[in-house]
Amino acid sequence: MTTTSPAPFNRLLLTGAAGGLGKVLRETLRPYANVIRLSDIANITPAIDDREEVVICDLADKHAVHQLVEGVDAILHFGGVSTEHAFEEILGANICGVFHIYEAARRHGVKRVIFASSNHVIGFYKQDEVIDARSPRRPDSYYGLSKSYGEDIASFYFDRYGIETVSIRIGSSFPEPQNRRMMSTWLSFGDLTQLLERALYAPNVGHTIVYGVSDNKNVWWDNRYAAGLGYVPQDNSEVFREKIEAQPMPAADDPAMVYQGGAFVASGPFGD
Ligand code: NAI
Ligand code: 15L
């Protein structure tokens, strides 16, 4: 983050506010808005002051999302199903949901969206490959496909309507890495917040895709487009190496050791 915070937006919308990252961002995004509108389908703890608004909303409900977006200056879209599920469970929240967000943004004149995409849009690359944000996508799951669609809709709404988006392919954003794979994919909450700041304020982003990853030793992602936004990660997963290496070593052919998307590549099929 910059030492002095840039001028706050009047009102930011954060979807997914009841989720793991939403709860963190509720606090860390406060310097960037006079008011944060916090939304989720699940219960959210009540507003702590007049700088918060709480709106319960199902992203699958087009009319409700339209009302949700009224009066906001930018959207941080973190809501939706966040792991692999049957397609039918992902459809409403992630695919219809991201469409509803962009349609509402268009109708209400919102000029910028930050989209929480995922490393699972490229999860079928192997862990010995280095790719960048323009490498062809290789989604590893219905979940990854829904994020891939989100990136496409972001591209379309910029080309057609001039709504700018930074799509952040988040690696693994948790308090600390949980396994060997996450030594490469980990994104600290501090670095996530810095990247969101850059994504909100960088000029002329068009539709930019970046990776959400800290300054880890063994990264698989050339993150030059994030650097282009001014992102300079401050954290590094090496501080957790001893703890992670105390875990049992998975088999060499375990997807968690082979693919960038780890176990997601082997989920499903569903409903046979
Ligand atoms: P999470 O599952 O904790 O939070 C997602 C939130 O979305 C939940 O509170 C859930 O109630 C809400 N939600 C689900 N369906 C909804 C619907 N139909 N309408 C409204 N809200 C709905 O996930 P987390 O970890 O906080 O991730 C946030 C976002 O970042 C997600 O979009 C996820 O796909 C993305 N992401 C997260 C990563 C991570 O490492 N935490 C990695 C890559 C992407
Ligand atoms: C994601 O996209 C998920 O939302 C998160 O729960 C983790 O599974 C993360 O990817 C990961 O790949 O570690």
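The following legends describe close-up views of a predicted model.

**View 1. Helix H2 and its buried face.** Helix H2 spans residues 62–69, and its buried residues are Val65, His66, Leu68 and Val69. Viewed down the axis of H2, these buried residues fall within an arc of 160°, so they line one face of the helix. They pack against strand E1 (9–15), strand E2 (33–40), strand E3 (52–56), strand E4 (74–77) and helix H3 (87–108).

**View 2. The two ends of helix H2.** At the start of H2, a side-chain oxygen of Asp61 comes to within 3.2 Å of the backbone nitrogen of His63. Just after the helix, Gly71 adopts a positive phi of about 85°.

**View 3. The surroundings of ligand 2.** The residues around ligand 2 are Ser82, Thr83, Ser118, Asn119, His120, Tyr143, Gly171, Ser172, Phe174, Arg181, Met182 and Phe264. A polar backbone atom of Ser82 lies 2.6 Å from an oxygen atom of the ligand. Side chains also take part: an N or O atom of the Ser118 side chain is 2.8 Å from an oxygen atom of ligand 2, and a polar side-chain atom of His120 is 2.7 Å from an oxygen atom of ligand 2. Taken alone, ligand 2 exposes 320 Å², of which the protein buries 82%.

**View 4. The salt bridge between Glu53 and Arg11.** In this pair, the closest N and O atoms are 3.0 Å apart. Glu53 is partly exposed, at 23% relative accessibility, whereas Arg11 is buried, with a relative accessible area of 17%.

**View 5. The salt bridge between Arg106 and Glu103 in helix H3.** The two side chains meet at an N to O distance of 2.9 Å. Because Arg106 and Glu103 are three residues apart in helix H3, about one helical turn separates them. Arg106 counts as partly exposed, at 32% relative accessibility; Glu103 is buried, with a relative accessible area of 12%.

**View 6. The salt bridge between Glu151 and Arg169.** The side chains of Glu151 and Arg169 meet with an N to O distance of 2.8 Å. This pair links distant parts of the chain, with Glu151 in helix H4 (residues 142–161) and Arg169 in strand E7 (residues 164–170), 18 residues apart. Glu151 is buried, with a relative accessible area of 1%, and Arg169 is buried with a relative accessible area of 1%.

**View 7. A network of salt bridges.** Arg26, Arg30, Asp49 and Glu52 are joined into one network by salt bridges that share partners. Across the whole structure, a search finds 16 salt bridges.

Notes:
Residues are numbered from 1 along each chain as its sequence is written. Chains are lettered from A and ligands numbered from 1 in the order in which they are written. This is a predicted model: local features need pLDDT of at least 70, side-chain atom pairs count only at pLDDT 80 or more; totals for chains, interfaces and linings use all residues. Side-chain values use heavy atoms; hydrogens and water are left out. Buried means under 20% relative accessible area, exposed over 50%, partly exposed in between (1.4 Å probe, protein chains only). Helices (H or I, at least four residues) and strands (E, at least two) are DSSP runs, numbered from the N terminus. The arc is that of the directions from the helix axis to the C-beta atoms. Contact means heavy atoms within 4.5 Å. A polar contact is a pair of N or O atoms within 3.5 Å; within protein, one must be able to donate a hydrogen and the other to accept it, and residues adjacent in sequence count only if both atoms are side-chain atoms. A residue is near a molecule or strand if one of its heavy atoms lies within 4 Å of it. Accessible areas come from the Shrake-Rupley method with a 1.4 Å probe; for residues, only the protein chains shown count as cover. A salt bridge is a side-chain nitrogen of Lys or Arg within 4 Å of a carboxyl oxygen of Asp or Glu.
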